[in-house]
Every structure is written in C-alpha cells, then in structure tokens.
Amino acid sequence: MSHQPLRQAIDPLDPLHLDGLLSEEELLVRDTVRRFVGDRVLPDVGEWFDQGTFPREMAQAFGDLGLLGMHLEGYGCAGTSATAYGLACLELEAGDSGARSFVSVQGSLAMFPIWAFGSEEQKQEWLPRMAAGTAIGCFGLTEPDSGSDPSSMRTTARQLPNGDWVLNGTKMWITNGSIADVAVVWAVTDPEGPDNGAVRGFVVPTDTPGFSAPVIHKKVSLRASITSELVLQEVHLPAGAVLPNVTGMRGPLSCLNEARFGILFGACGAARACYESALSYSLERVQFGKPIASFQLTQKKLTEMAIAVHTGTLLSMHLGRMKDAGTLATPQVSIGKLNNVAMALRVAREARAILGANGITLEYPVVRHMVNLESVYTYEGTNEIHTLIVGNALTGIPAFG
Amino acid sequence: MPSTVVAGSFCYRRVTVGKLSYMNVVVCVKQIPDPADPGALDPTTKTLKRDGKLILDESDSYGVEMALQLVGDSGEVTLVSMAPNGEVSGLRTALAMGAAKAVLVSDDALKGSDSLTTAKVLAKAIGRAGDYDLVLAATESSDGYTGTVPEQIAEVLGLPSVTFAKSITVDGSSIKVDRQTEAGYDEVTCPLPAVVSVTAGVVEPRYPSFKGIMAAKSKPVDQVGIADLGLDAGAVGWAGAGQEIVEVVAAEAREAGEVIEDDGEAYNRIVTFLSDLKVI
Ligand SMILES: Cc1cc2nc3c(=O)[nH]c(=O)nc-3n(C[C@H](O)[C@H](O)[C@H](O)COP(=O)(O)OP(=O)(O)OC[C@H]3O[C@@H](n4cnc5c(N)ncnc54)[C@H](O)[C@@H]3O)c2cc1C
C-alpha cells in the first residue's frame, strides 16, 4: 500500500482523472472528435437546431474522419474498439444529441445489420459508401401503433412466387428517413410462409417506387436531426433485398444493443457540456457582489453535477471495457442507458437553473441539451422498458406485458 | 513579375534528383507540454518542465500537413523528433495524420540542450530517415520560441535554407516557395534537397482519421539515443550548451486600459487614439 501523501488538486474538467484509464489510441480518437466537434459542430449547431435541420454535408465530414461504422471491421470501416466508439459518441453528444444520433443510426442501426446479417453483395454495395458518408442509412422499426413493443409491428413483407418481396406499412419516428439513400426496414412475413410470420429485415433503396419519407415537423427536441415517417406502399424488392442471416426480433434488437451502447456514453457527453457550461457561467456571473459560484447552494449543484457526470462516464468506460472483452450482457447495457440518460437530464436541468434566464436561450448549449435528452430518454428503449429489462434480469420475472 | 529570389546567403549545394515523381519529406516535429495545461518552469534549470504528457506542437501540424500534401500518394513523410522519456504521443498524432514512420531521439544526456545542439542532434536523426528530398520544420516552436533551429539544421547539413514558407510547389529537382514577408511574399526558387520552415496557419491540418489512428499503432518509430547517432554526451545537453539561461523574469503586467465613458462623442476619442497609434 502506498503511503504517499494524497495530492490536493483535481482537474475540474476531469475530477476523477478518467483520462488515466484511456490508451494512447483512445485518447487520440477522443481528442480528434473533440476538436472536430469544436470546429465543425459547435459553431453552427444552435442554428441547425433553430432551423430544425441537419446539413447533409456533415455526413461526408463524419465519413472522412472515420466516424461512420467506426467499430466495424472491413468495407472501409476503421475497426476501432467499442470503447473508442463510445468515446466518439460522448464527444459528439457533447456537441449535440442530433449529431450523435446521426452517427448512431448510420453506424449501429443501418450499417451494423448489413455488416452482421447481410449478404456479401449487400455489404459490397452499401457499406463502403455508408462508411464514407456518401450514402446515408436509416432504420425503420417503430410504427405509429408499435413503439415499446416492436413485435406488434404491422408492416408486412409478402413473398411472391418468384422470390421477390412486396412491403407494405408505415414506420414512424425514423431518424434520417427523409435524407436516407437506404432504409433497413423490419417487417413481418406471411404467417403461412416459410418464415412462419417471423420478422425479417430488408435493405430498401429509398428510390424504390412506393417508398416515401415525409419529414415530421414541430419537434421541440432533437431539432438538429431529421426525423421522418416511412411510408411503404407496395414496395417491390428483389429476392436479394432480405437480410439473409437473421430471422426474428433478434435482428432489430441486436442493432438496438449496439446503438444503446453508444448512447450510454453519449448521454455523459451532453451532461458534461451542461456541467462545464454551468461551471464557467457560475464563476463569471456576479450577483450580491460575488460570483454565483461562491454560494453554497451553487457549489452543491456543481458538486453533484461533477460527480454525476464523471461517475456516469466511469460506468460507461467500465461497460466499454466489458464490451471489448466480449463479456457485456444486455441488462448491463440497460443499466448504463437507464442510469446515464436519467443522470444527464438531471444535470441539464440543474445547469439550466444555474444559467438563469440565459439558461433558456440557444446562445448557450444547456437548454438545447436539456430538451434533446427528452428524445434520448425515449428512443432506443424508454426509461421504463430498460427498468423492466433490469427488473427481469434481477428477479427472473418478466413484467413487460 | 513578382521578385524572384534564389536562396543565397546560405551555404547550399546543388543536388540533381531528376524529375521528382516520388518524393520523401522529413518533418521535424516537437512534442511539447499541452499548452492547455498551465506549464511550470523548473527553478533550478530555468527551463520548462517536460515530465508530463507531451503533445504534438500545433506549429508543427502545418509542416506535417504541407508534407502530406506534397508527397500525395507517391512518397513518404518521415518524422524526426527529440523528446524526453521516449515520448511518442505527439508522433502518433502525426503518424495518424498520415506520416509513414518516425525517428525519435530520446536520451537523458540531452536535457538542457540549446538550440544549436538540438539542430545538430536533429541533423543526425535526419540522416537516419533514409533518402529525402526536403526537410520541413515550423518557423518556431510554441513552447521555446527560439525560431533558430531550422536554419541551424540547414547549416549543419550544408543545405539551402528557406524560411517562412506559406506555400511550396515542387518543380523537377527544385522547389518554388512563397516566402511570407511583412509586405507580402517573395517567390523563392531553391534546389533540392533543402530545409524549409513553414509559417503557422498557412494550411489546414487534417484531422487524424480513425483508420490513420489504427494504422499509426503499427508504424515504425526508430527510437535512438545519442550514442546511436555517434554523438558524445559531453557535446550535448547542459554539458554541450553554448548558451546559458541566466535569469527568468515575469513578463511585465499589462497596463490597465483606458475606459472612455460614452457621452455621444466617444468615437472622436477612439479616432484620435487610433491615429496616435498610426494605425489609421
Ligand atoms: C427523436 C426520435 C428519433 C427516433 N428514431 C427512431 C429510429 O431511427 N428508428 C426507429 O425505429 N425508432 C425511432 N424512434 C422511436 C422510438 O424508439 C420510440 O419512440 C420508443 O421505442 C418508444 O415508443 P413510443 O414512442 O411508441 O412509446 P410507447 O411505447 O407508446 O410508450 C409510451 C409510454 O408508455 C411506457 N410503456 C410502454 N410499455 C410499457 C410497459 N410494459 N410498462 C411500463 N411502461 C410502458 C413507455 O415507457 C412510455 O413512457 C425515435 C424516437 C424519437 C423521439
């Protein structure tokens, strides 16, 4: 045991010295994304949010960096560790949840199923372009009447005698839907058919006749991200459009696990941005003749935020190490998403309070993060659904239905 | 016609490398304490403490970028660095940007080296980098600011030296350099090989791509000590320094500015102030 006297100082921006847990390569990925976000996202994201848009050109900038499908191997992907992917999500979401959502959807929800379950032709056709950001993907699972219980979906895939497929149905809340070149769409097959009504995944070029993707307007959250409906009316696809190597709900759920893993890191990024904004604001804003950081109530808020953000990040890194070691379990991803997104919302709320009236404008990042996190709380499994997953894992009793 | 200057006044030799279809560029890069972390001076040596993590000096990222642009797909960029404790993290950044390999000189005996010694050591290290056509360096480092090392390297290697480059184009066995001056720029033509210092901010350094970061792990870093370079411990470091830091004093605090209350006529005071400074 070391009897060295303890050091006194900590870094307010890394109070638990988590940088010490990262490899040189992970630090380089982290620092590169942080710089990119500072250069390319933060200067404009308030404007994108205000306008309710996300510029398509960003896809290529993400691609050039290697962010898209970064944790996949081959087909133009960088093949980094899962932890490095998580750190990239964290830095992106410190910019905006919309930017992180773009990367999550492209890499984990659209590229991952093609990479994991696709045919060689599907991989060759789509993955290199998607990694480069010249083709954008989306993931269609949720429907107007099927959210937390996706197995209740109504979108159908009918197979014709020649092997071709015909898709019909409506998908809802689909990130990147209107700007996508390709949609990975999940649909139920004919109960009488060879798959006995099981869910199958389809790779659908968005210029296929019968496919349309109207934008969903009037969102108050995640405005720097395009959210759409997918309407499939007699969309005729060749036999080779089905993802050949997965049948049933395991397909979409394994994609969601990949994306949720990025989100549990990402939420820490949004929370960190709020904490840092509140910290610097509180040191500069003077009331009653002193910086507001000198009041005990403010210090309590800052202390709780710093602890929440950095213990959440520590949890993320631990889960990242487990994913890289191949030992991560699904309920552990739920624990991470549940804990960190709820944490981030609390931190954002406190930070907003510290900024006073400035806390409600887009001149500061805090309220943007605060409202964005409401989407993050709901998508990729709501807080309640993850609670039930963990509850099921703890008790052995499923309480979903 | 803009004035064309041939790098004179420096000792140089002509080397014919023919039409350069394949080009090797050596870039001298310094790894420095992160400027974002408040640095500290060692009171006994009066030099910057360098025992923590070092990063790639931003001034050098411009040289790395320029070198990568010059070689394109047909050539190689080699990094040369002198740093304590076998530090490689700054080199990894530049390798991740696309440099092919690095030579790192790290030796306890180098502590206290002045800029001329640094130039001699780097010149030797450049000799290990293989055949090269061009050596680039930053005009000055962000932590030392002596701004003399590139010219000294040129002298030691007996190569022409061009300073303050804002752009470089290769033309057969020579280069054309736009050399920044206070009034504009000179167009300088110079035979290769040569040593050119690159002004900060003249190119946009690329982000290291993730593929580059993954590849950087396995790129060779040739780590050597002074003995490997055929240098003697007595000729480098504190022992060999021809220069001594006698005293370090705090910079004078800036005088408080003048606050002008605007009574509707304040603009006149500003105009007077600026014309007194002769800026308008
Ligand atoms: C901005 C945004 C982007 C999105 N992007 C995509 C996308 O790209 N692709 C995609 O497929 N989907 C996407 N979604 C959809 C998202 O995944 C769903 O909204 C989510 O799964 C919840 O479904 P729902 O909205 O229908 O809510 P519901 O399932 O109707 O839930 C409503 C409420 O009931 C609760 N609830 C439901 N079941 C239970 C239960 N058994 N016990 C306790 N409480 C329960 C929920 O937790 C929630 O609080 C996106 C959503 C948003 C907001």
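A: Let us begin with the meeting of the two chains. Contact here is defined by C-beta atoms, placed from the backbone, that lie within 7 Å. By this criterion, 12 residues of chain B are in contact with 14 residues of chain A. On the chain B side, helix 2 and helix 5 (210-216) of chain B each give two or more residues; helices (H or I, at least four residues) and strands (E, at least two) are DSSP runs, numbered from the N terminus. The residues on that side divide into 6 nonpolar, 3 polar and 3 charged, where Ala, Val, Leu, Ile, Met, Phe, Trp, Tyr, Cys and Pro count as nonpolar, Asp, Glu, Lys and Arg as charged, and the others, Gly among them, as polar.

Q: What conventions apply, and what confidence does the predictor give the complex?

A: This is a predicted model, in which local features need pLDDT of at least 70 and side-chain atom pairs count only at pLDDT 80 or more, while totals for chains, interfaces and linings use all residues. Residues are numbered from 1 along each chain as its sequence is written, and chains are lettered from A and ligands numbered from 1 in the order in which they are written. The predictor gives the complex an ipTM of 0.86 and a pTM of 0.90. For single residues the confidence is pLDDT, from 0 to 100. Chain B has a mean pLDDT of 86, with 92% of its residues at 70 or more. Within chain B, confidence is lowest in strand 1 (residues 4-6), at a mean of 47, and highest in strand 8 (residues 101-105), at 96. Over residues 1-19 of chain B, pLDDT stays under 50.

Q: Why is helix 2 of chain B described as largely enclosed by the rest of the structure?

A: A residue is buried if 20 or more other C-beta atoms lie within 10 Å of its own, exposed if 12 or fewer, and partly exposed in between, with C-beta atoms placed from the backbone. Helix 2 (residues 89-97) of chain B is largely enclosed because 8 of its 9 residues are buried. Among them are B:G90, B:R92 and B:M97. Just after helix 2 of chain B, B:G98 takes a positive phi of about 140°.

Q: How is chain A divided into domains?

A: Domain bounds come from an automatic or database domain assignment. Chain A has domain 1 (18-132), domain 2 (137-247) and domain 3 (251-395).

Q: Which residues are closest to the ligand?

A: A residue is near a molecule if its C-beta atom, placed from the backbone, lies within 6 Å of it. The ligand is surrounded by 20 residues, the closest being A:L141, A:G147, A:S148, A:T382 and A:E384. Strand 3 (137-140), strand 5 (165-175), helix 9 (366-378) and helix 10 (383-395) of chain A each give two or more residues to this shell. The shell divides into 10 nonpolar, 9 polar and 1 charged. Domain 2 and domain 3 of chain A each contribute at least three residues.

Key
Contact = placed C-beta atoms within 7 Å. pLDDT = per-residue confidence, 0-100.
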